[in-house]
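Here is a report on one protein structure.

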Amino acid sequence: RRCQSEQATAMANEERVADLLHALPFSLEDGQAQLQGPSSCIRYDSGCDINPVGYIDRQGFEGYSLQYADETKGMAELEQIEQQGNELCSTLYTYRSIARALPTVTGDDAHKRAMYSASFEVLHPYITRVKTLMFFKDDVIQKFCTNLMLLVRSEGRKKADDGRVPCEGLMMQLISVLDVVVVLDSLKDTKACLNNDFSTYKRAFQHVRADVANADQITQENNLLQPFLAHKEKLLFEMKQAVHKVPGYDDVLAAMANLTLEYLEQGWYMLPKEKHRLLRGSAYLVWLLDSDAKGGP
């Protein structure tokens, strides 16, 4: 009886509250006026160090600014190279061994062939990404030396004309590209799983070569990839060889090294990655300057 009495009292209280809400002079439905209107999302993106249009408006200026038309074109090309290099850095940094997860090949010939075929199918997309780094090497070295020659010619015109000022923006972009190459080489050399996966991939490819359509092309690429992964600092070494073939490279590299030191001494950087870029750039620019033919240490 006591429980029934408590339930009746609770139901009476609920009915009384409902009657009070119904008697209010305003409505509690969704149709009431909103005190604050909806706010739209505002997106702000600051990209002062990357030009989104590739300096496409450089031809619209006349007079003094036209002297840097070739330099701005080179800066746009180097920005694209730097972006590709950063994507490859992310690929290498996040790369994990695939061969360790593959089962050991056992059984009869038919079963072994099936396992090799499955291993090749699994490893092929990952090794293709590694080959992208090898092809990127030739592209980045060619772009770096081409734009270095622009600065060499600019340095020569500066000596003939005191009013000529080398393009500092192109120098800084070359330093950024050099820093990407340094990071890529370091990641490639520290990832031992790259060589392990490639060895497993090459072994599996030898057993299924007859079933692969572009077997000859893959064989040529594998022959190029093997020494690329085996040699330490392969990108930097070939870049140094190519840079030393550019006449007058030493004056420009020395000016770039002095520029990095000036940025560091004056504190002309904002983020830690910018400071580390300058630190690595100053050291490797001196390394690029070193030459046995010129009596370097």
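Predicted model: local features only at pLDDT ≥ 70, side-chain atom pairs only at ≥ 80, totals over all residues.

## Helices α7 and α9

On the α7 side, the contact uses L236, F237 and K240. On the α9 side, Y284, W287 and L288 take part. Sorted by class, this contact of α7 with α9 holds 5 nonpolar residues and 1 charged residue, with no polar ones.

## Helices α4 and α8

Helix α8 spans residues 249-266, and helix α4 spans residues 168-190. The two pack at an angle of about 90°, and 10 Å separates their axes. Angles of 65 to 115 degrees count as roughly perpendicular, so α4 and α8 are roughly perpendicular to each other.

Which residues meet here? From α4 come E168, M171, M172, L174 and I175. From α8 come A255, M256, L259, T260 and Y263. The class count for α4 with α8 is 8 nonpolar, 1 polar and 1 charged.

## Helices α2 and α4

Helix α4 also packs with α2, at an angle of about 20° and with the axes 9 Å apart. Helix α2 runs over residues 69-93. An angle under 35 degrees counts as roughly parallel, so α2 and α4 are roughly parallel to each other. Their crossing is left-handed. By class, the contact of α2 with α4 includes 14 nonpolar, 6 polar and 4 charged residues.

V243 sits in helix α7. Its relative accessible area is 0%, so V243 is buried. Leaving aside residues up to four places away in sequence, V243 touches F144, C145, L148, Y249 and L253. I141 is 102 residues from V243 along the chain, yet their C-alpha atoms are separated by 8.4 Å.

K188 belongs to helix α4. Is K188 buried or exposed? K188 has a relative accessible area of 2%; the cut-off for buried is under 20%, so K188 is buried. Again leaving aside residues up to four places away in sequence, the residues touched by K188 are L92, L133, L194, F228, L229, H231, K234 and L235.

D70 lies in helix α2. With a relative accessible area of 51%, D70 is exposed, since exposed means over 50%. The C-alpha atoms of D70 and L150 are separated by 7.8 Å. Along the chain, D70 and L150 are 80 residues apart.

E233 is in the loop between α6 (215-230) and α7. At a relative accessible area of 33%, E233 is partly exposed. Its backbone deserves a look: phi of E233 is near 50°, which is a positive value in a residue other than glycine.

## The whole chain

How many helices and strands are there in the protein? The protein has 9 helices and 0 strands. Read along the sequence, the pattern is α-α-α-α-α-α-α-α-α.

The protein has 297 residues, and 36% of them count as buried. Consider the contacts with a separation of 6 or more: 79% of them link residues 24 or more positions apart.

## Confidence

The average pLDDT of the protein is 85. A score of at least 70 is reached by 78% of the residues. Where is confidence lowest, and where highest? The lowest is in helix α1 (residues 2-22), at a mean of 70. The highest is in α7, at 96.

Key. Residues numbered from 1 in each chain as written. Heavy atoms only, no water. Contact = heavy atoms within 4.5 Å. Helix = DSSP H or I, 4+ residues; strand = E, 2+ residues; numbered from the N terminus. Nonpolar A, V, L, I, M, F, W, Y, C, P; charged D, E, K, R; others polar. Buried < 20%, exposed > 50% of the residue type's maximum accessible area, 1.4 Å probe, protein only. pLDDT = per-residue confidence, 0-100. Axes fitted to C-alpha atoms, helices over the stretch in contact; angles between N-to-C directions. Parallel < 35°, antiparallel > 145°, perpendicular 65-115°, else oblique. Left-handed = near helix turned anticlockwise from the far one by under 90°.
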